[in-house]
Amino acid sequence: MAISIAILDCDLLLHGRGQKTLDRFDLGSVSDNVLLTQFGFPREFIHYLVELLRDDLSRRTLRSRAISPEVQVLAALGFYTSGSYQTYMGDTIGISQASISRCVSNVTKALVKQAPQFITFKRDPSSRELSYQEFQRVAGFPEVEGVLDCVQVAIKAPNSEDTSYVNRRGFHSVGCQLVCDARGLLLSAETHWPGGLKDTEVLERSAIYKQLQNNEKGWLLGDCRYPLRKWLMTPVTSPQTPAEFQYNLAHAATHEIVDRTFRAIQTRFRCLDSTKGYLQYSPERSSSILLACCVLHNASLQSGLDAWTMERTVPPEQHESLEQRPEERDSHAEELRKELVLGHFS
C-alpha cells in the first residue's frame, strides 16, 4: 500500500526522523488506483486541484517542514470522501489529528473562496436558451432554467438548548438549498440555513428568491413543498385531466435531476451522508464543508467527470403538499401554469 507508507513516512519526518519532508512529498509515488479508491478522484483532477489552491495553501513560513499543498489536499479529500472522523483518518493516512484538522480547515477555506468561480447562475440569453434545450430533452418540460430543492445534512447538536437546527425529522442539521442544471451542475448552493427552517422559509430568505422575483421568462421547478410562483412551477396538487397528469409526469422526471445530483454528492463525499453519522462540527464549519464539497462537485464535472457515476439508489422521500391560504396564492402564477398545461401537455 504505497499511500500508507508514503504519507506515514511524511508524518514521522515532520518530527525530524529521516531525510524527506512534507513539503517535498511526491504525489507521483502514489498509484492511480489508490488515488481513486482512497481519495475519490483521478490523478489529473487532484493535480488540477493542488494548482488551483496552491497559493492559498502555501503559507509563508520559516519552517522547513510545513505541510505541502499536495498533502493538505489529499488529507482533506480523504476526509471528505471517506465519511470518517478525523481521529480515524489520522490513523488511516498517518497524519496526526491536529495536522489533519488543519489540513481540512485550510482546504475547506480555500475551496469556499473559489465558490463564486465554480457555482454561478448565468442568465444571459444564450445561457437561458441552452438551459431550455437541455431540460426539454429530459421530459419535454419547456423553459426550465433550473431545478430547486432543499436538503439536510446531519450535524452534532450545537448545544442542548438550541432547537433551531432540529429539522422536521427530529435530528440536528444544516439546510442546503440547491439549484442545478440538466447535467447536475450546481447553479446555486446556499448551505448555511438552520435545519429547523421550513423549505419555504429558506427560499424566501435566499439570494435566488431575490434574484428571480422579477423574472419575466422561464422558471425553476420545485416540488410540492414550495408555493407556485410565476418563476417557480410546482406540481398540480390534484390532477384531473390527462394534460395535468402529463404535466406532473414531466415535472417529476425533470425535477428528479436535483435529487439525483445531491445523492451523487453524498455518495462521493461520505462525510455528508447521514447514514454514516453526522458532521462533528459547529453549524458554521459544517456549512463550509458542505459548500466545499459542492465546489468540488462542480469543479470535477467541469473537468469532464460524470456527475452521477457514484450515485446511490434510495427510495424517493414522500413530501406533504404545501397548504396555502387563499390570500397566499398567486393567481397570475396559477393562470400561467394553466396555460402551460394546456399549451404543452394537452
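Residues are numbered from 1 along each chain as its sequence is written. Because the model is predicted, local features need pLDDT of at least 70, side-chain atom pairs count only at pLDDT 80 or more, and totals for chains, interfaces and linings use all residues.

**Exercise 1.** Describe how helix α2 packs with helix α4.

*Solution.* Step 1: α2 spans residues 32-39 and α4 residues 69-82; helices are DSSP runs (H or I, at least four residues), numbered from the N terminus. Step 2: the angle is about 50° and the axes lie 8 Å apart, where axes are lines fitted to C-alpha atoms over the stretch in contact and angles run from 0 to 180 degrees between N-to-C directions. Step 3: α2 is therefore oblique to α4, since angles under 35 degrees count as roughly parallel, over 145 as roughly antiparallel, 65 to 115 as roughly perpendicular and the rest as oblique. Step 4: L35, Q38 and F39 of α2 meet L74, L77, G78 and T81 of α4 in a contact (heavy atoms within 4.5 Å).

**Exercise 2.** State the order of the open sheet and identify its edges.

*Solution.* Step 1: the 5 strands (E, at least two residues) follow the order β3-β2-β1-β4-β5, with mixed pairing; two strands pair if DSSP finds at least two bridges between them. Step 2: β3 (186-194) and β5 (232-233) each have a single partner strand, so one side of each lacks a neighbour in the sheet. Step 3: β1 (residues 144-154) and β2 (residues 173-180) run antiparallel, joined by 8 bridges.

Notes. Heavy atoms only, no water.
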